[in-house]
Amino acid sequence: MPYVCADYSKYKFVNVCWNSENGIATVTLKRPPVNSLTAEFLRELSSLLLDLEKDETQGLIFTSEFDEKVFSAGLDFKELYRPSIDHAKEFMSLLHSFSFRLSCTAYPTVAVINGHAPAGGCIIPLCCEYRIGLNNFNIGLNELKFGILLPDWLSSLMIHTIGSRNAEQAILSGTLFSSEHALRIGLVDEIAPTKEVALEKATAFLNKAKIVNRSLRLDAKLHLRRPILQEFQKDIENELAKNVSLLMSDKVQQSLDAHIKILKEKRGN
Ligand SMILES: CCCCCCCCCCC/C=C/C(=O)SCCNC(=O)CCNC(=O)[C@H](O)C(C)(C)COP(=O)(O)OP(=O)(O)OC[C@H]1O[C@@H](n2cnc3c(N)ncnc32)[C@H](O)[C@@H]1OP(=O)(O)O
């Protein structure tokens, strides 16, 4: 029977509910207001994956505290606006290592997408093995609209999930899909009417995974995901440097500035 060793209460931006009967960890993202990804959040998420691995977790479910509003708003605009070069480097490296680690966990993974998941908000769901959405949310990689060229590993995750033809159209048009449309193209595997039902469906998926030998399953997962994992591992230094220089470019910084202003105006700030 699995048991918990790690102290999950040390985490600031996630709530971990570890079920000692079935070894399933439900991780609720709770970085207010919109679970945007900062360096500190990514560092925490990476460390969490290691703790879960050590505790021989049998399955992981990601969901958001901000139910029916937002799963994750993607990369944190405010942190990435005019960062120091050292911070930009650290951020890109953390984003890369967390996404890589999540893509090849020994345990099966599910995202319960209970709110919007634009751009970088789509990264956690894409790295997971299975995605269950609620109604009335938007999801997709719309980065091209901000003048951001996707890293190869991220395009590759999208291709793996929805196929090359759909991925080409989705990425080149920067589309954010409604939940129904996301289901049609396979960006989510199921739609659930409520978070509770979605969590039941997620548990059912994870229970199915249990009938397969764990180490055999991992071998098969790594084999099936080889094209993605190769993209993650390909020329890492150069890829990170490219992303840092894209982030620091005037064009992307101006785009971040414009988006921060739009969000402020929306709130009447
Ligand atoms: C970024 C350059 C990187 C270059 C490097 C390349 C390699 C990286 C590859 C990955 C590329 C990924 C890029 C991204 O993820 S960029 C971020 C894209 N995200 C968005 O465009 C989402 C923007 N937000 C929204 O659309 C809405 O906020 C949302 C639908 C999520 C929620 O709407 P709601 O009405 O519920 O809430 P508000 O809009 O009023 O927002 C509430 C507060 O949250 C703040 N906020 C929202 N989004 C972000 C964000 N991404 N980062 C930081 N803060 C965010 C918003 O300002 C409000 O704050 P205040 O309460 O302080 O006003």
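Begin by selecting strand 1 (residues 14-19) and strand 2 (residues 24-29), which run antiparallel and are joined by six bridges. Helices (H or I, at least four residues) and strands (E, at least two) are DSSP runs, numbered from the N terminus. Two strands count as paired if DSSP finds at least two bridges between them. The model is a predicted one, in which local features need pLDDT of at least 70 and side-chain atom pairs count only at pLDDT 80 or more, while totals for chains, interfaces and linings use all residues. Residues are numbered from 1 along each chain as its sequence is written.

Within this pair, pick Val14 and then Leu29 of strand 2, its bridge partner. Four residues lie between the strands of this hairpin, where Gly23 takes a positive phi near 70°.

Strand 3 (residues 59-64) and strand 5 (residues 109-113) pair in the parallel sense over three bridges. Select Ile61 to find its bridge partner in strand 5, Val110. Two residues are in contact if their C-beta atoms, placed from the backbone, lie within 7 Å.

**Two helix pairs**

Now select helix 1 (residues 39-54) and helix 3 (residues 85-103), whose axes come within 9 Å and cross at roughly 30°. That makes helix 1 roughly parallel to helix 3 (angles under 35 degrees count as roughly parallel, over 145 as roughly antiparallel, 65 to 115 as roughly perpendicular and the rest as oblique). Contact residues include Leu42, Leu45 and Leu49 of helix 1 and Phe91, Leu94 and Phe98 of helix 3. By class, this contact has nine nonpolar, three polar and three charged residues. Ala, Val, Leu, Ile, Met, Phe, Trp, Tyr, Cys and Pro count as nonpolar, Asp, Glu, Lys and Arg as charged, and the others, Gly among them, as polar.

Move on to helix 5 (residues 152-162) and helix 10 (residues 226-233), which pack at an angle of about 170° with their axes 8 Å apart. Helix 5 and helix 10 are therefore roughly antiparallel to each other. Asp152, Trp153, Ser156, Leu157 and His160 in helix 5 meet Pro227, Ile228, Glu231 and Phe232 in helix 10.

Four strands form another open sheet, in the order 4-6-8-9 and with mixed pairing. Its edge strands are strand 4 and strand 9 (177-178). Strand 4 and strand 6 pair in the parallel sense over two bridges, and Lys69 has Gly115 of strand 6 as its bridge partner.

Finally, select the ligand, which 28 residues surround; the closest are Ser36, Ala73, Gly74, Ala119 and Gly120. Elements that give two or more residues to this shell include strand 4 (69-70), strand 6 (115-118) and helix 12 (250-266). The shell has 16 nonpolar, six polar and six charged residues.

How values were computed. A residue is near a molecule or strand if its C-beta atom, placed from the backbone, lies within 6 Å of it. Axes are lines fitted to C-alpha atoms, for helices over the stretch in contact, and angles run from 0 to 180 degrees between N-to-C directions.
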